[in-house]
Amino acid sequence: MLAVLSPGQGSQKPGFLTPWLDLPDATARLRSWSELAGVDLLHLGTEADADEIKDTARTQPLLVAAALLAAEHLPMQDIGLVAGHSVGELGAAALAGVLTAEAAVTLAGARGREMAAACALEPTGMAAVLGGDPDEVLAALESHGLHPANRNGAGQIVAAGAVAGLEKLAAEPPARTRVIMLKVAGAFHTPYMAPAEAALAGAAAGITPADPARTLLSNLDGTPVEDGPELVRRLVRQVTAPVRWDLCMRTMADLGVTGVIELPPAGTLAGLVKRELKGPGAPEIVTLNTPDDLPAARDLIARHSA
């Protein structure tokens, strides 16, 4: 089975969309999606600097648009499974046929704006906790009033919450861990994002989803979702719920995924899969960052789709 993965916030790089504009209809597609998202995707993907594209309101629709733009040049009919990390789940939902590309980009724009607004309400943040015993890490987070916003597998849990709690965690890290403060606007995937969840629910109410045309894994618990309306409910809930990427990877292993393609900007999810699903039977991985990577991705699909 082949899996196509859509990355989440933090994977963006200045200018990463520039090479894709040489492909037919790419510029026109991005201009159309820019109107839906309420941001200039062409500028953000080609000319904007790192500070501009780390703005949550801009980053989220940019990432979804990038994934969908690249996926248009793959034979997606031969792909058995799709999944996305955090906002990348909107891209995965479109690739599974639950949402149209236009609906996914529109929701990504609304999600980014509302989460940015929620971040401004009080000082919160996130920190990656690398290594250590998972149970001890979770206990340390709880003792500091923090939440496990992302459980990414491969020895990585992302803590989120009040800045004061994160500072205490960094000063008193759990045994055998390293704590890295992340440059994000606030505590994503925690109750601090409740206003954004409510706003996104309103934006999603006008969408009529279809049922998935291929296996679509949910960040909520790593399980496949077979009902379109249920997937949309989960997408809304995910704004305040932890991202269980560890469970998504476990399901990929259980389903016998043999090949993985990460859409642009690629590298983060491929790295997690490589570290978590290793040994005999480990999936072959292609990171799709420029059109020059398309032949390798198509070759992987041709060899593994049967």
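User: Which handedness does the crossing of helix 1 and helix 4 have?

Analyst: A heads-up before we start: this is a predicted model, where local features need pLDDT of at least 70, side-chain atom pairs count only at pLDDT 80 or more, and totals for chains, interfaces and linings use all residues. Residues are numbered from 1 along each chain as its sequence is written, and side-chain values use heavy atoms, leaving out hydrogens and water. Helix 1 (residues 26–37) and helix 4 (residues 56–71) have axes that come within 11 Å and cross at roughly 145°; helices (H or I, at least four residues) and strands (E, at least two) are DSSP runs numbered from the N terminus, while axes are lines fitted to C-alpha atoms, for helices over the stretch in contact, with angles from 0 to 180 degrees between N-to-C directions. A crossing is left-handed if the near helix is turned anticlockwise from the far one by less than a right angle, and right-handed if clockwise; helix 1 passes helix 4 in a crossing that is right-handed.

User: How many charged residues are in the contact of helix 1 with helix 4?

Analyst: Helix 1 brings Ala 26, Arg 29, Leu 30, Trp 33 and Ala 37, and helix 4 brings Pro 61, Ala 65, Leu 68 and Leu 69, where contact means heavy atoms within 4.5 Å. Ala, Val, Leu, Ile, Met, Phe, Trp, Tyr, Cys and Pro count as nonpolar, Asp, Glu, Lys and Arg as charged, and the others, Gly among them, as polar. That sorting gives eight nonpolar and no polar residues, and the number of charged ones is one.

User: Are helix 6 and helix 9 roughly parallel or antiparallel to each other?

Analyst: The axes of helix 6 (residues 101–119) and helix 9 cross at roughly 160°, coming within 9 Å. Angles under 35 degrees count as roughly parallel, over 145 as roughly antiparallel, 65 to 115 as roughly perpendicular and the rest as oblique. Helix 6 and helix 9 are therefore roughly antiparallel.

User: How many nonpolar residues does the contact of helix 6 with helix 9 have?

Analyst: From helix 6 come Leu 107, Ala 110, Arg 111, Glu 114, Met 115 and Ala 118, and they meet Ala 196, Ala 199, Leu 200, Ala 203 and Ala 204 in helix 9. By class, this contact has no polar and two charged residues, and its nonpolar count is nine.

User: What handedness does the crossing of helix 9 and helix 10 have?

Analyst: Helix 9 (residues 194–204) and helix 10 (residues 228–237) pack with axes 9 Å apart, at an angle of about 150°. That makes the two roughly antiparallel. Their crossing is right-handed.

User: How many charged residues does the contact of helix 9 with helix 10 have?

Analyst: Glu 197, Leu 200, Ala 201 and Ala 204 of helix 9 make this contact with Val 232, Leu 235, Val 236 and Arg 237 of helix 10. By class there are six nonpolar and no polar residues, and the charged ones number two.

User: Where does Ala 154 lie?

Analyst: Phi of Ala 154 is near 50°, a positive value in a residue other than glycine. Ala 154 lies in the loop between strand 4 (147–153) and strand 5 (156–162).

User: What is omega for the peptide bond from Pro 264 to Pro 265?

Analyst: Pro 265 lies in the loop between strand 8 (259–262) and helix 12 (268–276). The bond from Pro 264 is cis, with omega near -5°.
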